[in-house]
There are 2 protein chains.
Amino acid sequence: MTARLWIPGRLRPGDRVAVVAPSGPVDPVRLAHGRHVLAQIGLRVEVMPRVLNRRGYLAGSDAGRAADIQEAWCDPEIRAVICARGGYGATRILELFDWPAMAAARPKILLGSSDVTALHQAFAVRLGVASCFGPMPACQTLGDPEGPDADSLSHLYSSLFEGEEPGAVAGDRVIVPGYAEGPLTGGNLSLLASLCGTPYSLRSEGHIVLLEDVGEEPYRVDRMLTQLLQAGCLDGAIGFVLGSWERCGDPIPVLMDRLAPLGVPIIAGLPIGHGVPQFTAWMGADAVIDTESCSLTCLFRDPATAL
Amino acid sequence: MTARLWIPGRLRPGDRVAVVAPSGPVDPVRLAHGRHVLAQIGLRVEVMPRVLNRRGYLAGSDAGRAADIQEAWCDPEIRAVICARGGYGATRILELFDWPAMAAARPKILLGSSDVTALHQAFAVRLGVASCFGPMPACQTLGDPEGPDADSLSHLYSSLFEGEEPGAVAGDRVIVPGYAEGPLTGGNLSLLASLCGTPYSLRSEGHIVLLEDVGEEPYRVDRMLTQLLQAGCLDGAIGFVLGSWERCGDPIPVLMDRLAPLGVPIIAGLPIGHGVPQFTAWMGADAVIDTESCSLTCLFRDPATAL
């Protein structure tokens, strides 16, 4: 059983948050829309200076992307670091952070999903901090010119803000029945596979594991699950939550084939990961999966005392 | 430095070889052509009983694919185990072999490439045996209805048969100049990434590393190289040989970006991996890369005494 992660204090209206770009290039129009949405829910949004940089499939240089994140994390006035979008590039910067400096800063909320799985894993390992897997401002769910998806925004709000209680997220299919309660881990399957063998490898012992992906054929899903199994990354998992599998064909047969033999509860079809709506999950905080209601509930508790 | 691998005795005219299907489903027409080609170079070819089985993207059940390979490997009359084709599925069967039984059998030649990288790695780790990375009978290079590619077949012949000396394989680009001599390892990049964190992880210490892939966008090549670097799989590599990158866009910038900082010789554009022609490389045997001639030479020496 790994050590419990620190759950950072949640947000209050008027809090300052910083937008960063750890991965792929950011569309300025989408970002403007998403920024406006964050402002509308009461946040003072600062866009870090290098967010609109571009270098091929990356949002600028590795050093620049890492610097924005580190500066935002270490700024005591910033209460949350919000990733603009995913794509690819977060694994490239994991070795560039000054982890001791970041560990010395007050823990705060990291929000992002998809490629940001690499940061969730690394922040858990290096900083011991829980983080938020949810929609990002320069993606369609929040940053669409037609306006944000209301359900996704409402769930994000209740996940981020103090005193709120995010509702259960319902799936559409029970794969293995049962009940499990424990901290949540996991994220995007491609990223979890890409972290195998590195210092940021998934460790599932005692955890409920969230898995989702986008644009991966079933044979690739198979290969990645097989890797996680052979690397021991799923050893001791107490349950699985299967999120969205956009453009992955029908991955349910291979997910069943590889995961059902582990003999722990599995629910599928939760709108977490990619697509609209897109609900939020607290990685590292306690959660419950219950196959009677086919849902995931984050048992979020605000820290008893402010830091 | 890992232990030296055992180099199995090479083939003689009239030797019996067995065709197996560790990965994806096999096209019977291509296989018939490829089988004929193997017979024409003097081999007595046995197709194992389950080679034409099918189960979705796999050549039949995991147990069946593994059983064919194990039976062929443990049959003292069989002098080489030849994989019909790649695809996906070899990593699924690595835990199904009776490794002690296979270690008790006389080492023989394993031939295959692409997905078979998983078997090369596993046979090196579990059996301590060198193996042959080259074209396969149910693939285009050997199994085309128009006949095999002559250069590929000739190079395969000289790699497989006793007393022959396979010629140097020339690339088309020097990325980092220099000279290196040592055992060859590596193979298909996707498979090497998929083995990270498992017992069959790539270990490059003291080795020249071959890398090739097919159908992977540059950002995926980046992600896989980043994983190998972060997992320490490339630590101590003494040189790199970059093979074919079919349908990978232009991966040279990312290969340079990730590998050139290691400061060892790198040559690119060698026709090893996918496509036609497709030359053969002995994994685990000594090799030389020399950037003056921009070539890879396998320093193949037949064992002094037959087993």
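Predicted model: local features only at pLDDT ≥ 70, side-chain atom pairs only at ≥ 80, totals over all residues.
At the interface, 31 residues of chain B are in contact with 31 residues of chain A. The area buried between the two chains is about 2400 Å², and carbon and sulfur atoms account for 44% of that area. On the side of chain B, 27% of the area buried against chain A comes from Y88(B), R223(B) and Q230(B), more than from any other three residues.

Eight salt bridges are found across the interface of chain B and chain A. One of them joins the side chains of D62(A) and R258(B), with an N to O distance of 3.9 Å. The elements of chain B that give two or more residues to the side touching chain A are α7 (189–194), α8 (218–230) and α9 (252–259). Of these, α8(B) gives the most, with eight residues. By class, the side of chain B that touches chain A has 13 nonpolar, nine polar and nine charged residues.

Chain A contains an open sheet of six strands in the order β2-β1-β3-β4-β5-β12, with mixed pairing. Strands β2 (44–47) and β12 (281–283) of chain A each have a single partner strand, so one side of each is left without a neighbour in the sheet. From one strand to the next, the twist averages 25°. Within this sheet, β1 (residues 16–20) and β3 (residues 78–83) of chain A pair in the parallel sense over five bridges, and V17(A) stands opposite A80(A) in β3(A). Helix α1 (residues 28–40) of chain A lies across β1, β2 and β3 of that chain and runs at about 150° to β2(A). Helix α2 (residues 62–74) of chain A also packs on the sheet, where it touches β1, β3 and β4 (109–112). The direction of α2(A) makes about 170° with that of β1(A).

In chain B, six strands form an open sheet of mixed pairing in the order β2-β1-β3-β4-β5-β12. The edge strands are β2 (44–47) and β12 (281–283) of chain B, each of which pairs on one side only. The twist in this sheet averages 25° from one strand to the next. Strands β1 (residues 16–20) and β3 (residues 78–83) of chain B pair in the parallel sense through five bridges, with V19(B) opposite I82(B) in β3(B). Helix α2 (residues 62–74) of chain B packs on the sheet and touches β1, β3 and β4 (109–112) of chain B; the direction of α2(B) makes about 170° with that of β1(B).

Terms used
Residues numbered from 1 in each chain as written. Chains lettered and ligands numbered in written order. Heavy atoms only, no water. Contact = heavy atoms within 4.5 Å. Buried area = accessible area lost by both parts, 1.4 Å probe. Salt bridge = Lys/Arg side-chain N within 4 Å of Asp/Glu carboxyl O. Helix = DSSP H or I, 4+ residues; strand = E, 2+ residues; numbered from the N terminus. Nonpolar A, V, L, I, M, F, W, Y, C, P; charged D, E, K, R; others polar. Pairing = 2+ DSSP bridges. Axes fitted to C-alpha atoms, helices over the stretch in contact; angles between N-to-C directions.
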